[in-house]
Amino acid sequence: MGIQFERYADDIVCHCASEQEAQKLKIRLEQRFNDCGLTLHPKKTKIAYCKGSRNKGDYPVISFDFLGYTFKPRLCRNRKGEYFVNFTPAISRKSAKKVREKIASWSILRNSKANLNAIAYYSRAILQGWKNYYGKYGRAKLKHVLLYLNAKLAKWAKRKYKRLKTKSQAIRWVIGYQQREPKLFVHWILLSETVG
């Protein structure tokens, strides 16, 4: 068949030229797995159509998750500034949830004796890792996820500084600090970048 594929551990994505080729491959894989006493995962094994401006067919499955990314049709802009639909990856909903849960677990954000520099230092390596991995594709989606840290910083600031009586005052305080020190946090650097 000569079908290209990507594999990581027990997850594989195969690239087929047509639905018929994908159906044949699925049958062959099921037979091979059965011969080995194994079965394909019923929910993960699916045929997805890579819908976009060039591929305009109508199929029930037009997305899939792989390695923490969701691949699906998204509105993109080319170098001329023209918009089009492309089948591209961005951080998956499951991965975004894990990122937010990890941020929420940071005890330093519950420590009113800590300062912003300490929080930035504590978070730097983790944020840089997320930026390097999830920021490779679909950077706008990652920016949206990392705004959660700004909300957590506002909550921390409201506890630390009694003059910040409301949530909106605390958010304004974080935004003001971000404008004065845009390179303090890794995600602030990311948020200041324009998406092309």
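In the hairpin formed by strand 1 and strand 2, where two residues lie between the strands, Ala9 adopts a positive phi near 55 degrees. This and everything below refers to a predicted model.

**Hairpins and strand pairing**

Strand 1, which covers residues 4-8, runs antiparallel to strand 2, residues 11-15, and the two are paired over five bridges; within this pairing, Phe5 stands opposite Cys14 of strand 2. Strand 1 is hardly covered, since the count of buried residues among its five residues is zero.

A hairpin with two residues between its strands is also formed by strand 3 and strand 4, and there Leu67 takes a positive phi near 55 degrees. Strand 3 (residues 64-66) and strand 4 (residues 69-77) are antiparallel and joined by three bridges, with Asp65 having Thr70 in strand 4 as its bridge partner. Strand 4 also pairs with strand 5 (residues 83-91), in the antiparallel sense and over nine bridges, and here Cys76 has Phe84 of strand 5 as its bridge partner. The hairpin of strand 4 and strand 5 has five residues between the strands, and Gly81 in its turn has a positive phi of about 90 degrees.

| Hairpin | Residues between the strands | Residue with positive phi |
|---|---|---|
| Strand 1 and strand 2 | two residues | Ala9, near 55 degrees |
| Strand 3 and strand 4 | two residues | Leu67, near 55 degrees |
| Strand 4 and strand 5 | five residues | Gly81, about 90 degrees |

Tyr133 belongs to helix 3, which spans residues 116-134, and with a relative accessible area of 36% it is partly exposed.

**Cysteines**

A search of the whole structure for disulfides finds zero. Cys16 is in no disulfide, and the nearest cysteine sulfur, which belongs to Cys14, is 6.2 Å away, whereas a disulfide would need the two sulfur atoms within 2.5 Å. Cys16 is partly exposed, with a relative accessible area of 30%. What keeps Cys50 from forming a bond with the closest cysteine sulfur? The sulfur of Cys50 lies 9.7 Å from that closest sulfur, in Cys16, and is therefore too far away for a bond. Cys50 also counts as partly exposed, at 36% relative accessibility.

Conventions
Residues numbered from 1 in each chain as written. Predicted model: local features only at pLDDT ≥ 70, side-chain atom pairs only at ≥ 80, totals over all residues. Heavy atoms only, no water. Helix = DSSP H or I, 4+ residues; strand = E, 2+ residues; numbered from the N terminus. Buried < 20%, exposed > 50% of the residue type's maximum accessible area, 1.4 Å probe, protein only. Pairing = 2+ DSSP bridges.
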